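Hello,

Here is the structure I said I would pass on.

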Amino acid sequence: MRTIFLFGLLLLPVFFIACAADADGELSVAEVAILLDADLRSHKQAVEESLAENLRVKVSVQVYSRKDLAAARNAVSSYLASKAVPVVIVVGVKGVVPALVDGLDKDKRLVQVVLEDMGVSEAGRKKWGRDKLVLSRLVKACLEGAARGIGMTTCPNPFCVLRKHEKIAALDAKGRGLCPPCREKVGPALKKMGLKRLPAPQFKPDPKGQ
Ligand SMILES: [Zn+2]
């Protein structure tokens, strides 16, 4: 009798671990959605890669034309209608962003990135696509917006994208990615929202040893 009881106790932690794994398996993978002004089109891939690598979530970046704001607005609404989307980031100039999010901005999942606020002027619009500083600021703003959108807070590490910045010089000085401790917080932050990350990439040793 005692043997059976002890055996049962030994199995208990295994049962709970199995339950936790099952519960995690049922969660949807988080998807971060971004609406990007068409003049920033050439930076789309860099934004996608940065978010995918740092947060390990699905990333959907849509480029919108200022001539067709209705389509962009519809895209924002449909992303917000999905429970798998914890953050929708709208990137544009100050003359456009408010029109795009009007009436939707009460949703806490909506993050507005106004280019002029990060020192990118409308006047230089034709050169945005070739400007490395615009690219760097855009990548940092999108990653920081997404991380804050899932509930992550300011980080003291000067190389971390979640480092607080008030001036543009401080934005340019900080790193483009999340520091290792912040990366560790992404999974638990998403789990609080009922979502999960993509699995970590597995290291595959090269059989030829090259
Ligand atoms: Zn950090």
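This is a predicted model: local features need pLDDT of at least 70, side-chain atom pairs count only at pLDDT 80 or more; totals for chains, interfaces and linings use all residues.

Core. The largest nonpolar core contains 49 residues. Those with the most contacts inside it are Val 32, Ile 34, Ile 89, Val 90, Val 91, Cys 142 and Ala 146. Helix H5 (residues 132–149) gives the most to this core, contributing 8 residues. For Val 32, leaving aside neighbours within four places in sequence, the contacts are Leu 51, Leu 55, Val 57, Val 59, Val 87 and Ala 146.

Strands. Strand S4 (residues 87–92) is largely enclosed by the rest of the structure, because 6 of its 6 residues are buried. Both of its faces are covered: Val 87, Ile 89 and Val 91 are buried on one side, and Val 88, Val 90 and Gly 92 on the other. S4 runs parallel to strand S2 (residues 31–37), and 5 bridges join the two; Leu 35 stands opposite Val 90 of S4. S4 also pairs in the parallel sense with strand S5 (residues 110–114), again over 5 bridges. There, Gly 92 has Val 114 in S5 as its bridge partner.

Helix H7. This helix (residues 180–192) has a kink of about 25° at Val 186, shortly before the proline Pro 188. Val 186 is also one of the buried residues in H7, along with Cys 182, Ala 189 and Leu 190. The buried residues of H7 pack against helix H2 (44–55) and strand S6 (195–196). After H7 comes Gly 194, with a positive phi near 80°.

Regards

How values were computed:
Residues are numbered from 1 along each chain as its sequence is written. A nonpolar core is a set of buried Ala, Val, Leu, Ile, Met, Phe, Trp, Tyr and Cys residues joined through C-beta atoms within 7 Å. A residue is buried if 20 or more other C-beta atoms lie within 10 Å of its own, exposed if 12 or fewer, and partly exposed in between; C-beta atoms are placed from the backbone. Helices (H or I, at least four residues) and strands (E, at least two) are DSSP runs, numbered from the N terminus. Two residues are in contact if their C-beta atoms, placed from the backbone, lie within 7 Å. Two strands pair if DSSP finds at least two bridges between them. The bend at a residue is the angle between axes fitted to the seven residues ending there and the seven starting there.
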